[in-house]
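We will go from stop to stop, selecting as we go.

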Amino acid sequence: MTDATDSPSAEALAAVMRFPLVEALLGRRARRFAVGAELPDGVLAHKSRQPPQPLSEAERMLVLLAVAGNTNWQHLILRNALYAPKLSNYAGAAGGRTFPSAAGFHTSEIFFTDDSGTYLLPTRDAPALAERDPDGTMDPSALLDAHRGRIRKLSDSRLQLPARTPHFEGHNTWCANVPGSLLVIPVADLAQHHLANLCYLVQNGQCIRDDIHDRPIPGLERFSHRVDLDEPWPLSFMDQYTLMEATVEIGTACYAGMLMLQAVGLGGWMFDGFNPFSVLGASGDPDAPGLGFRYESDPRWPTPNPTGLPGVFEGFCPPHYPDMRSALAALEQRKFGPGGPFHPDTPGPYRDTPAVRAAAAPFDDEFRQCVLTMADYTLDTFGRFPATVPSMHAIMYLQAHHLDLEFYDRHYAPGSYLATHAAHQRLWHGR
């Protein structure tokens, strides 16, 4: 991170706040050439004449706010016909964020790295970090201050990932995770998301069947009055459903940050050109510790299974929980415990928030047993949870950096960058 005195002007912050959404959408481009970069060969060969320039603290916070910012209280899902008039109890968090999450599960957290170290910005279970004015607006300065205070430093060094295959895709070795850049890494807890999806199935009168071994889940017949045993979801499809939903969550987080790059006038792009196992630390290569997640290997699995970063971001599955019953209890506590979306003492956006939050349908013993029948079977049969996709998932990343305009002026026709990029150094750094 750059010197704290490298602060933006009031004009710069005002320009960000009034930047048009349509211009951000239409002006979005992958702009990979940072100051300090070198493209060593080919028709676009170029070597920057400037040294790497880290983002200022304000620039960094604006990007992080866009990627994973808390946006006050989420509004929840209002009705499920199977247990109306009770309120739907899908959500995992009371707070909303800048990106959507399936049924309000919110199972991801955001890691990031730059020249000053590697960090976590935990906003998944944050309360409303700033209040809305009566017209619905929020004070951006208050938001930035609140998020700044939540950052947790994990390491004094940039994410260690050798710029070579198999850790990088070949087209990213020259430009990704380079000095001066900010790299944002959303990670989804697929174990928790999948457990929430099993709850979702039972909440909607459905269940799964093991299509891989071509057999029903033993014990589910006890719940035939509660779930439809004749039309079950295939287990492998349910795994893919969880993976797809979580990928949308972390992908839209990066996209929100990508739009902010246009408003601030920063270069960068969102991409999936890293080996996700290398990023999490599950590659087995000591030169690529990545984020240092714990992982397990098994002859039954085609890839290692990262399960979490101990004490920091742990998946809702063994070995971070002794069994799936404990993981389900943690999910229930997240929903119904203090600070959760269905605890009457959690503040919220309603005229009578305690009454609304207390109206959610609770879990009952039979519900828990039905969910655990499927969860325990998955873990016992496949040795991990979920069965066929990783317990922790990273696939989409966002990089932000200062743009080398000379490269674009030399190789591109006018219009390859926006007015915000052209004015950035003057507005933000007085250059």
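This is a predicted model: local features need pLDDT of at least 70, side-chain atom pairs count only at pLDDT 80 or more; totals for chains, interfaces and linings use all residues.

Residues are numbered from 1 along each chain as its sequence is written, and side-chain values use heavy atoms, with hydrogens and water left out.

**Stop 1: the largest nonpolar core**

Select Val 63, Phe 111, Ile 185, Val 187, Phe 274, Leu 291 and Phe 293. These touch the most other members of the largest nonpolar core, which has 64 residues. A nonpolar core is a set of buried Ala, Val, Leu, Ile, Met, Phe, Trp, Tyr and Cys residues joined through side-chain atoms within 4.5 Å. Buried means under 20% relative accessible area, exposed means over 50%, and partly exposed is in between (1.4 Å probe, protein chains only).

Which helix gives the most to this core? Color α3, residues 57-68: it supplies nine residues. Helices (H or I, at least four residues) and strands (E, at least two) are DSSP runs, numbered from the N terminus.

Now center on Val 187. Leaving out residues up to four places away in sequence, its contacts include Phe 111, Ile 250, Leu 280, Phe 313 and Met 392. Contact means heavy atoms within 4.5 Å.

Next, pick Leu 87, Phe 223, Val 227 and Cys 370. They are among the 46 residues of a second, separate core. In soluble globular proteins, nonpolar side chains tend to be buried together.

**Stop 2: helix α12**

Select residues 419-429. Buried here are Thr 420, His 421, Ala 423, His 424, Leu 427, Trp 428 and His 429. What covers them? The cover includes α1 (10-17), α3, α6 (235-264), β12 (267-271) and α11 (405-411). Step past the end of α12 to Gly 430, where phi is positive, near 60°.

**Stop 3: a surface patch**

Switch to a surface view. Leu 21, Val 22, Leu 25, Leu 26 and Tyr 255 make a nonpolar patch of about 490 Å². Patch residues have over 30% relative accessible area and no salt bridge; like charges are joined within 9 Å, nonpolar side chains (Val, Leu, Ile, Met, Phe, Trp, Tyr) within 5 Å. Accessible areas come from the Shrake-Rupley method with a 1.4 Å probe, and for residues only the protein chains shown count as cover. Helix α2 (residues 21-26) gives the largest share, four residues. Click Leu 25 in this helix. Leu 25 is partly exposed, at 38% relative accessible area.

**Stop 4: salt bridges**

A salt bridge is a side-chain nitrogen of Lys or Arg within 4 Å of a carboxyl oxygen of Asp or Glu. The count is 21.

Show Arg 164 and Asp 285. Their side chains meet in a salt bridge at 3.6 Å, N to O. Asp 285 lies in the loop between α7 (276-280) and β13 (294-296), and Arg 164 in the loop between β7 (152-155) and β8 (182-189), so the pair ties together parts 121 residues apart in sequence.

Then show Glu 57, Asp 145 and Arg 148, linked in a network of salt bridges.

**Stop 5: cysteines**

How many disulfides does the whole structure hold? The search finds zero. A disulfide is a pair of cysteine sulfur atoms within 2.5 Å. Select Cys 199, which is buried at 1% relative accessible area. End on Cys 370: its nearest cysteine sulfur is that of Cys 207, 7.0 Å away.
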